[in-house]
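Open the model in your viewer and keep the selection tool at hand. This tour moves from one selection to the next.

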Amino acid sequence: MDARLVGYWSESALDPGSPEYTELGFRADGTGWQYWTSWSSAFAVHRFDWHSPGPGRLTARVRMAIDGAWSLDGQDVRHRVERREHVDDVVELGWELGPDRQLTLDRALVDVLGGTKFLPVDGGGDDPTLTEP
């Protein structure tokens with residue numbers, strides 16, 4: 001486990017005008033999630049277990065795929081889960097941290113719905129589907 005990955009990472013600060021973005025959460029207990037969202041109100045969450053088998057290497061076992069639609073309720077964002085699917089996909093990636101703490105993956109964690117460059121988010125974040133019914 002490489003403690004430098006632990007935390008919450010977002011690509012939104014790197015391209016603030018983009019109509020979609022990806023965020024990653026790596027917990028110290030070896031679990032994590034990827035959150036992808038779009039201005040179209042679609043979202044997807046992929047929950048995974050992770051470890052770093054060597055310097056600059058990341059192995060993630062994606063366990064759950066969740067998707068649906070988000071909406072605004074005043075200042076709050078609500079996520080309506082429309083599909084949950086158990087999966088068992090192992091993804092092996094290369095990664096590096098730049099001097100500005102930019103996390104760069106050599107490919108997306110989830111091919112269709114993911115970015116490869118992220119900045120840390122102070123204060124972290126949570127998987128938004130954990131609190132949704």
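Contact here means heavy atoms within 4.5 Å. The model is predicted.

**Stop 1: Asp2.** Select Asp2, in the segment before strand 1 (7-10). Which residues does Asp2 touch, not counting those up to four places away in sequence? They are Trp50, Ser52 and Trp95. Asp2 counts as buried because its relative accessible area is 16%, and buried means under 20%. Now show the polar atoms of the Asp2 side chain. One of them lies 3.0 Å from the backbone nitrogen of Arg4.

**Stop 2: strand 1.** Move along to strand 1. Strand 1 pairs with strand 2 in the antiparallel sense, over four bridges. Select Gly7: opposite stands Phe26, in strand 2. Strand 1 also pairs with strand 8 (residues 117-120), again antiparallel, over two bridges. Select Trp9 here, and find Pro120 of strand 8 opposite.

**Stop 3: Phe26.** Go back to Phe26. Leaving aside neighbours within four places in sequence, its contacts include Leu5, Val6, Gly7 and Trp9. Thr31, Phe48, Trp50, Leu58 and Leu103 complete the list.

Key. Residues are numbered from 1 along each chain as its sequence is written. This is a predicted model: local features need pLDDT of at least 70, side-chain atom pairs count only at pLDDT 80 or more; totals for chains, interfaces and linings use all residues. Side-chain values use heavy atoms; hydrogens and water are left out. Buried means under 20% relative accessible area, exposed over 50%, partly exposed in between (1.4 Å probe, protein chains only). A polar contact is a pair of N or O atoms within 3.5 Å; within protein, one must be able to donate a hydrogen and the other to accept it, and residues adjacent in sequence count only if both atoms are side-chain atoms. Two strands pair if DSSP finds at least two bridges between them.
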